Amino acid sequence: MNLLDIYRDLHIALRILIIAALAMFAAFAIQVVRRGTRRLVRGPSEAKTGGADFARRYPKLATVTSLVASAVTFAIFFVALGLILSELHISLTAYLATASVVGLAVGFGSQGLVQDVVIGLTLVFSDAMDLGDMVEISGQVGLVDQIGLRFTTLTNLHGGRIYIPNRNINLVGRYPGGSLRARIDVQMPSSSDEAGCTEDVMHIVRSLRSQHPAIIRAEPIVRGVQQTAPNSWRYLRIEIRLWPGQQALLETGLRQRLLTALRQRTPDYPDWMITITYASDHRS
């Protein structure tokens with residue numbers, strides 16, 4: 001092997017190392033941008049507090065930050081690919097020209113991508129939703145985790161991440177307070193032990209909260225025994241903050257458990273004496 005062959009081999013090896021280094025640097029940079037954005041938006045105390053302080057205080061700024069991070073990630077990938085191609089002796093001018101042609105092809109042939117970007121920008125600069133909001137999109141309910149150029153990401157009840165293409169977002173149901181407020185009125189017949197019935201009801205409601213902490217998002221609020229008019233039946237009012245779309249837990253599980261407990265004290269206790277109504281929670 002002569003010196004020329006050795007030089008060629010070393011030159012090829014060096015190019016391979018440069019390409020590998022560029023690819024690793026791009027991957028590292030993208031991870032840094034993503035993790036840095038998530039840390040900024042979520043905050044270091046997320047695991048302890050269970051929330052995103054920055055997103056709650058500055059929702060619009062957090063949303064724009066997420067979008068900028070998405071654009072920066074794309075830019076890093078685009079530049080890194082161009083540098084790698086230049087190491088393979090492919091002209092950057094040809095690369096940019098090809099990218100322009102591909103862009104035109106995408107614009108004319110893949111309108112879905114253009115729609116994703118346009119709708120993503122519209123979502124960011126409108127009041128439709130911000131990071132940390134509880135929303136319902138395309139039948140999916142969750143907290144807005146990211147609004148990107150192509151996808152909007154939700155975190156659902158089970159902690160799973162749902163990626164929704166922006167072009168599929170036609171209707172957005174927004175829960176300003178982050179939950180659905182259920183108002184439960186349990187009427188107390190005059191012949192029953194009111195204190196005993198109240199204790200039974202509260203025990204059942206609190207046990208339900210401990211069993212389903214992800215669905216029942218806060219401790220139940222007891223409004224106490226109330227009366228609509230003199231000489232009318234009294235009722236116990238309880239309010240529960242519920243994950244939207246999970247009303248079945250109250251309509252079936254809670255209602256049946258309450259009826260069973262109350263009928264042990266009043267055998268002819270009718271179903272209609274327990275009413276459950278719902279409203280969007282507007283508490284900040």
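Angles under 35 degrees count as roughly parallel, over 145 as roughly antiparallel, 65 to 115 as roughly perpendicular, and the rest as oblique. Keep that scale at hand for the first stop. What you have open is a predicted model, in which local features need pLDDT of at least 70 and side-chain atom pairs count only at pLDDT 80 or more, while totals for chains, interfaces and linings use all residues. Residues are numbered from 1 along each chain as its sequence is written, and side-chain values use heavy atoms, with hydrogens and water left out.

**Stop 1: two helices**

Select residues 194–211, helix 7, and residues 248–265, helix 8. (Helices are DSSP runs of H or I with at least four residues, strands are runs of E with at least two, and both are numbered from the N terminus.) Their axes come within 10 Å and cross at roughly 150°; axes are lines fitted to C-alpha atoms, for helices over the stretch in contact, and angles run from 0 to 180 degrees between N-to-C directions. Helix 7 and helix 8 are therefore roughly antiparallel to each other.

Now show side chains. The contact (heavy atoms within 4.5 Å) includes Val201, Ile204 and Leu208 of helix 7 and Leu254, Leu258 and Ala261 of helix 8.

**Stop 2**

Asp200 lies in helix 7 and Arg265 in helix 8, so the pair ties together parts that are 65 residues apart in sequence. (Buried means under 20%, exposed over 50%, partly exposed in between, with a 1.4 Å probe and protein chains only.)

**Stop 3**

Next, select Asp185 and Arg237, a salt bridge with its closest N and O atoms 2.8 Å apart. Asp185 sits in strand 6 and Arg237 in strand 8, 52 residues apart. Asp185 is buried at 13%, and Arg237 is buried at 17%.

Then move to Arg161 and Asp145, whose side chains meet in a salt bridge at 2.4 Å, N to O. Here Arg161 is partly exposed at 37%, whereas Asp145 is buried at 8%.

**Last stop: a loop**

Finish at Ser138, in the loop between strand 1 (134–137) and strand 2 (140–147). Its phi is positive, about 50°, although Ser138 is not a glycine.

Methods. A salt bridge is a side-chain nitrogen of Lys or Arg within 4 Å of a carboxyl oxygen of Asp or Glu.
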